Amino acid sequence: MKSLVLAEKPSVAREIARVLGCKKEHKFHFEGSKYIVTWALGHLIELKMPEHYDPKYKTWRLEDLPIIPEKMGLKVIRQTSRHYKGIELLAKRTDIKDCIIATDAGREGELVARWILKKLNWKKPILRLWISSQTDKAIRDGFKHLKPGKQFEALYQSAVCRAEADWLIGLNVTRALTTKYNDPLSAGRVQTPTLAMIMKRETEIQKFVPKPYWTIHAKIGSIHTIWERNGEKRIFSKETAEHLLANLNGKKGTVIKVERKQKKEHQPLPYDLTELQRDANKRFGFSAKKTLTILQKLYEHYKLVTYPRTDSRYLTADMESTMFDRLQAMASGYKDEIRPLLSNKGKILLKRVFNNEKVTDHHAIIPTEEPLNMSQLSNDERKLYDLIARRFLALFYPAYEYETVHAVFDVNGETLTAKETIVLNNGFKAVLGKQQDEPENRNIPALVKGQSFAVHQVEIEEKLEQPPLRYSEADILTQMEKFGLGTPATRADIIERLIETEAVERKNGRFYPTKKGKQLIELVNDELKSPELTARWEKELEAIARGKGNPEFFLNNIRKQTKRLVNEIKNSDRSYKAHNLTGSMCPECGSFLKIRSTKEGRLLTCSNMECRYSKRKDPKLSNRRCPQCKKRMEIHNGKAGVYFQCRRCNVVEKAEEKKTAVNNRKDRALIQKYSPKSDSFGTSLGDLLKQVLEEKQQ
């Protein structure tokens with residue numbers, strides 16, 4: 001008899017099969033003497049859509065809402081139905097004794113597998129592989145210590161509650177808003193309060209009225225000082241500042257206080273997913289989605305880091321014995337940093353990192369025992385691994401020790417201060433590679449209370465108050481974590497969803513609400529805008545996952561709330577005007593056309609929800625630069641074949657043979673996409689220009 005092993009992705013299934021010795025490769029599985037390893041493709045099963053309950057729901061109508069099925073059903077996703085049938089055939093084999101769930105060890109991974117088994121009507125025993133890294137050793141150890149499936153029943157129930165709640169709230173509110181206001185308007189229990197936070201910050205910026213202020217700087221002897229009163233260094237009156245300047249210039253400064261303090265800054269804990277996404281955004285400008293994608297590859301493909309989707313920054317006590325092996329595995333890339341640690345037998349100095357009570361499903365993200373080969377990694381992969389590695393190495397180094405010096409002077413009744421930081425022991429900061437903050441003064445000599453010095457070089461500096469900055473991705477992640485919006489695994493997708501639905505735009509790494517987003521936040525239910533509501537839901541889902549919550553009670557409340565939210569929208573007297581209407585008419589139904597920005601460029605779409613007309617507005621921008629103005633050129637596919645054109649200068653360049661003229665990978669892909677069978681690359685530039693002009697005249 002054999003065990004059916006169900007992994008989440010083909011790449012993971014292949015690795016598990018290799019470790020388990022399943023050498024026979026088939027279309028939908030790998031087979032060995034004891035195991036048959038198959039895989040999902042992400043989700044193979046999903047909740048039924050409204051039209052599967054009643055065909056009338058194919059057409060969106062406000063009067064049909066809310067749609068609340070008595071019992072939520074499951075269906076096979078059409079695009080991956082062949083793969084599901086392959087698993088179904090395996091499940092019917094008489095030599096299969098049980099199923100080992102080997103999907104990602106988390107809430108969503110549990111749902112992927114359980115829905116497949118539920119659709120299969122699986123009656124045989126279920127076991128669970130629960131591991132935090134994909135190394136050969138971790139896989140082998142995991143299969144030696146498989147857990148009973150019943151142990152994860154509560155986690156599965158929590159995942160079902162999350163999926164059904166998102167379906168009920170998100171689908172009904174989105175349909176209600178869309179049909180009420182005749183424009184695609186998306187809302188949800190996490191994305192809406194996230195949009196509300198971005199909108200709140202935008203309101204603060206728009207209402208902000210900047211005020212000028214002044215600061216006074218002076219040298220007392222050789223020491224740089226700044227004027228201060230009751231902790232405030234800003235002066236909001238120019239007359240006051242000039243009066244102070246006159247009172248200070250040429251006077252004597254007397255030392256009234258000298259305070260020296262020795263301080264310690266302890267080593268930072270390792271990363272959880274959200275903290276890593278924040279740092280990667282600050283340091284490298286990575287989006288949360290990009291960080292998660294790279295991290296997943298470091299985990300699955302290279303096996304260099306532990307499980308990514310974790311909300312813990314602690315390690316379990318039993319991991320202490322693995323630290324030496326992890327250091328040895330990293331040594332090829334961090335020889336100088338690791339050499340002194342190995343001589344100390346790899347002992348972690350920050351002992352509080354080992355705390356079983358603060359580890360939930362998974363511990364913090366740290367390097368594995370897999371030998372490191374930096375040359376295999378891309379530039380972005382190296383950057384992210386380096387963040388994880390150095391944060392991990394910091395645990396083995398001593399605390400950062402420094403001394404602060406605070407000197408206070410009296411000058412003609414006014415207070416001037418100077419501060420200095422003196423590093424005593426760089427400690428863990430030596431391995432983090434961070435530059436220390438520049439101290440305000442680096443030359444405070446030994447001072448004694450009562451000493452006097454001449455005051456000179458007194459200067460006034462005028463400044464202007466700055467409005468709060470729009471949120472960066474790191475800021476959004478911080479706010480989402482603070483209010484419990486989403487989970488570490490879902491926050492990146494929520495941010496991308498806001499961009500895809502055109503509620504916000506990402507410009508220069510910061511988020512701007514669009515005209516559509518500004519109107520949407522006024523139309524959506526006040527209850528949905530509140531981060532406290534979603535935070536409460538997440539707490540309830542977490543309680544269900546721990547076996548301390550009631551799934552039925554939770555979903556009953558969601559159903560009641562869905563009815564209330566839909567009725568509020570139906571009865572609303574608010575109005576909406578599509579921000580992107582053009583003066584052009586749809587050639588099919590005569591309605592006004594709207595212009596939309598998508599990943600494929602700008603599209604003209606019909607404003608009539610029942611009409612499917614759409615047309616590309618602008619050609620795709622390539623990475624080729626105009627030789628005159630250096631702007632990115634458009635790529636076209638016309639009668640002359642594929643060519644590049646600058647809209648500003650009207651420069652036209654033909655797309656020659658891919659291997660010679662089109663060196664950019666993106667442009668090669670665009671040419672293949674636009675003209676996969678084109679044989680017109682040999683067209684002369686003169687003929688090309690002539691044909692382009694003819695097209696424009698037509």
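## Nonpolar cores

The largest nonpolar core of this predicted model contains 80 residues, and those with the most contacts inside it are Trp115, Ile116, Val173, Leu177, Met480 and Phe554. Helix H6, residues 153–181, gives the most to this core, with 14 residues. A second, separate core has 50 residues, including Leu292, Phe354, Leu377 and Leu432. A nonpolar core is a set of buried Ala, Val, Leu, Ile, Met, Phe, Trp, Tyr and Cys residues joined through side-chain atoms within 4.5 Å. Buried means under 20% relative accessible area, exposed means over 50%, and partly exposed lies in between (1.4 Å probe, protein chains only).

## Basis of the description

Residues are numbered from 1 along each chain as its sequence is written, and side-chain values use heavy atoms, with hydrogens and water left out. As this is a predicted model, local features need pLDDT of at least 70 and side-chain atom pairs count only at pLDDT 80 or more, while totals for chains, interfaces and linings use all residues.

## The chain as a whole

The protein chain has 22 helices and 25 strands. Helices (H or I, at least four residues) and strands (E, at least two) are DSSP runs, numbered from the N terminus. Of the 698 residues of the chain, 50% count as buried. The accessible surface of the chain comes to about 35,400 Å², of which 47% belongs to carbon and sulfur atoms; such areas come from the Shrake-Rupley method with a 1.4 Å probe, and for residues only the protein chains shown count as cover.

Among contacts in the chain with a separation of 6 or more, 72% are accounted for by residues 24 or more positions apart. A contact means heavy atoms within 4.5 Å.

## Phe554 and Ile544

Not counting residues up to four places away in sequence, Phe554 touches Cys161, Ala165, Trp537, Glu540, Leu541 and Ile544. Ile544 is found in helix H19, residues 531–545, and counts as buried at 3% relative accessibility.

## Helix H16

Helix H16 covers residues 491–500, and Arg491, Ala492, Ile494, Ile495, Glu496 and Leu498 are buried in it. Among the elements that cover these buried residues are helix H7 (191–207), helix H9 (273–284), helix H10 (288–300) and strand S16 (504–507). Just after H16, Glu502 takes a positive phi of about 65 degrees.

## Salt bridges

A search of the whole structure finds 48 salt bridges. A salt bridge is a side-chain nitrogen of Lys or Arg within 4 Å of a carboxyl oxygen of Asp or Glu. Glu31 forms one with Arg93, the closest N and O atoms being 2.8 Å apart. Glu31 lies in strand S3 and Arg93 in the loop between helix H3 and strand S7, so the pair ties together parts that are 62 residues apart in sequence. Glu31 counts as buried at 11% relative accessibility, whereas Arg93 is partly exposed at 23%.

The side chains of Asp279 and Arg391 also meet in a salt bridge (3.3 Å, N to O). Asp279 lies in helix H9 and Arg391 in helix H13, so this pair ties together parts that are 112 residues apart in sequence. In helix H4, residues 107–120, Glu110 meets Arg114 in a salt bridge (3.0 Å, N to O). Arg114 and Glu110 are four residues apart in this helix and are therefore separated by about one helical turn. Both Arg114 and Glu110 are buried. A network of salt bridges links Arg107, Glu108, Arg162, Asp166, Arg189 and Glu538.

## Cysteines and a surface patch

The structure holds zero disulfides, a disulfide being a pair of cysteine sulfur atoms within 2.5 Å. The sulfur of Cys586 is 3.8 Å from the closest cysteine sulfur, in Cys606, too far for a bond. Cys589 is in no disulfide either, and its nearest cysteine sulfur, that of Cys606, is 3.3 Å away. Cys586 is buried, with a relative accessible area of 4%, whereas Cys589 is partly exposed, at 35%.

On the surface, Leu581, Met585 and Phe592 form a nonpolar patch with about 280 Å² of accessible area together. Patches are made of residues with over 30% relative accessible area and no salt bridge; like charges are joined within 9 Å, and nonpolar side chains (Val, Leu, Ile, Met, Phe, Trp, Tyr) within 5 Å. Met585 is found in strand S18, residues 581–585, and is partly exposed, with a relative accessible area of 46%.
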